[in-house]
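Some questions follow on how labels are assigned in a structural model. Each answer sets a value against a definition.

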Amino acid sequence: MHVLSKNILNQIITTRPSESHKGNYGRVLTVGGNSQFGGAIILATSAVIHCGAGLSTCATSVDNLTALHTIVPEAMFIPFDSEYKLIDALTNADVILVGPGLGTNEDSLKILQIVLQHAIPEQQLIIDGSAITMIAEHHEFLPFLKELHPILTPHQMEWQRLSNIKISEQDDIKNTLYQQKLQSTVVLKKYHTTIYHRDGSISQLAIGGPYMATGGMGDTLAGMIAGFLAQFKLKNYDYVVDAAVYAHSAIADKISTTKYVVLPTNIITEIQSFMKLSVAP
Ligand SMILES: NC(=O)C1=CN([C@@H]2O[C@H](COP(=O)(O)OP(=O)(O)OC[C@H]3O[C@@H](n4cnc5c(N)ncnc54)[C@H](O)[C@@H]3O)[C@@H](O)[C@H]2O)[C@@H](O)CC1
Ligand SMILES: Nc1ncnc2c1ncn2[C@@H]1O[C@H](COP(=O)(O)OP(=O)(O)O)[C@@H](O)[C@H]1O
Ligand SMILES: [Mg+2]
């Protein structure tokens with residue numbers, strides 16, 4: 001097991017070459033946010049953009065359009081219930097994040113199915129929130145995981161639903177056994193989040209704390225992972241995931257020195273300065 005330290009940041013976050021443009025920093029598609037949980041996908045999409053992804057499109061309920069463009073006008077929008085627009089956006093993405101605030105009804109299920117059917121292994125797929133809960137309830141989706149090798153970002157309850165390992169019994173041996181069956185990376189979110197990589201290695205977070213226990217914090221992390229993967233295109237993307245997870249909690253720790261609780265929006269506001277300070281000298 002490898003305990004993550006701040007060294008991971010300047011290994012991943014590098015100075016941008018002058019001769020580059022938005023096309024070099026990745027196209028991200030975020031899919032989620034029903035009419036009840038619009039905030040989740042807006043937080044995730046904001047995090048993607050503040051991390052520096054080149055082009056970001058949000059597939060969400062049309063109910064969220066005004067809020068999305070008010071908060072991040074940098075984001076493009078498609079209505080997530082337009083099948084052909086969703087398929088087109090999926091085809092054009094380098095990184096896909098599905099799940100924050102997607103919900104679990106029939107419409108949500110249909111959207112998840114389209115994403116899983118049209119994503120390809122060459123794309124990076126991150127599966128979070130409601131999408132994990134739906135996969136736990138619909139085992140017919142499991143073969144897609146084995147083909148696409150996604151990054152799953154469950155909290156302990158979502159991991160219990162998916163793996164059938166009770167929270168009180170979740171340990172590295174049991175978690176690794178099930179994660180290896182899924183052939184997916186698993187970012188198991190909790191106090192001191194643990195990351196199970198596909199090669200069997202384990203990264204352990206030793207920062208972060210209860211000031212982060214606010215709804216939307218995981219949606220923001222999922223967006224940061226997507227934003228990091230879009231632009232830092234290492235062959236071994238394990239390090240990129242580790243860096244995003246570390247940065248999320250390191251920003252929270254910094255804010256928590258002067259604030260009792262840290263809001264997801266506070267983290268998003270700090271991402272750009274934090275990344276600037278993390279570039280190798
Ligand atoms: N502003 C928004 O629109 C928000 C939307 N959200 C979305 O709502 C959907 C449902 O997600 P939720 O996670 O709220 O609901 P879930 O029902 O999936 O999980 C929450 C339950 O898990 C329990 N739990 C146990 N261990 C936990 C751990 N380590 N971390 C977190 N919870 C733990 C909690 O006590 C709670 O009862 C997701 O799609 C999510 O993205 C949430 O992110 C909250 C904010
Ligand atoms: N006590 C805590 N210590 C450290 N991190 C925490 C704590 N509580 C919550 N977090 C972090 O906040 C995030 C919560 O994720 P999640 O439950 O999916 O949030 P949401 O779905 O509401 O966005 C995770 O990154 C988790 O590690
Ligand atoms: Mg969540």
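The questions below concern an annotated site and a helix.

This is a predicted model, in which local features need pLDDT of at least 70, side-chain atom pairs count only at pLDDT 80 or more, and totals for chains, interfaces and linings use all residues. Residues are numbered from 1 along each chain as its sequence is written, and chains are lettered from A and ligands numbered from 1 in the order in which they are written.

Q: Which residues does UniProt place in the feature "binding site"?
A: The unreviewed entry lists Lys189, Lys190, Tyr191, His192, Thr193 and Gly218. They span 30 residues in sequence, but no two of their C-alpha atoms are more than 13.4 Å apart, so they gather at one spot. UniProt positions are in the numbering used here, feature names are shortened, and annotations may be inferred rather than shown by experiment.

Q: Why is His192 called partly exposed?
A: A residue is buried if 20 or more other C-beta atoms, placed from the backbone, lie within 10 Å of its own, exposed if 12 or fewer, and partly exposed in between. His192 has 14 such neighbours, so it counts as partly exposed.

Q: What makes Thr193 buried or exposed?
A: Thr193 has 23 C-beta neighbours inside 10 Å and therefore counts as buried.

Q: How do you know that α10 is largely enclosed by the rest of the structure?
A: Helices (H or I, at least four residues) and strands (E, at least two) are DSSP runs, numbered from the N terminus. In α10, 15 of the 15 residues are buried, so the helix is largely enclosed.
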